[in-house]
Amino acid sequence: MFCWRHSFTSSLKTHMSFCSYRGNLVMFQSEKEKKKQLSKEDKKALQEEKLKQEEKYMWAIVDGVKEKIR
């Protein structure tokens, strides 16, 4: 009997073995180091800007009532 799951996972493993995520890892680590070196005021400003950008996605209207999404 043919099992599509086995076929899919084995082919996926073969294709994923050619992928390299080293560049992404280096980028994320450098961004993390930059954030660590920021002053307290700069970190707070970045956090406020992030909240400002995400504000429109933090609320939903469910059954006509505005609710905050967790």
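The exercises below work through a predicted model of a protein, each with a solution in steps.

Residues are numbered from 1 along each chain as its sequence is written, and side-chain values use heavy atoms, without hydrogens or water. In this predicted model local features need pLDDT of at least 70 and side-chain atom pairs count only at pLDDT 80 or more, while totals for chains, interfaces and linings use all residues.

**Exercise 1. Find which element has the lowest mean pLDDT and which the highest.**

Begin with the elements, where helices (H or I, at least four residues) and strands (E, at least two) are DSSP runs numbered from the N terminus. The protein has three helices and two strands, in the order α-α-α-β-β from the N terminus on. Next take pLDDT, the predictor's confidence in each residue, from 0 to 100: its mean over the protein is 84, and 76% of the residues reach 70 or more. Helix H1 (residues 4-16) has the lowest mean, 63, whereas helix H3 (residues 40-54) has the highest, 94. Where pLDDT is low, the predicted coordinates should not be read in detail.

**Exercise 2. Locate the salt bridge and describe the accessibility of its partners.**

A salt bridge requires a side-chain nitrogen of Lys or Arg within 4 Å of a carboxyl oxygen of Asp or Glu, and a search of the whole structure finds one. It joins lysine 34 and glutamate 31, at 4.0 Å from N to O. Both residues lie in helix H2, three residues apart, about one turn of the helix. Lysine 34 is exposed at 52% relative accessible area, whereas glutamate 31, at 37%, is partly exposed.

**Exercise 3. Examine the phi and the setting of aspartate 63.**

Aspartate 63 has a positive phi of about 55°, although it is not a glycine. Most residues other than glycine have a negative phi. Aspartate 63 belongs to the loop between strand S1 (59-62) and strand S2 (65-68), and is exposed, with a relative accessible area of 80%.

Terms used:
Buried means under 20% relative accessible area, exposed over 50%, partly exposed in between (1.4 Å probe, protein chains only).
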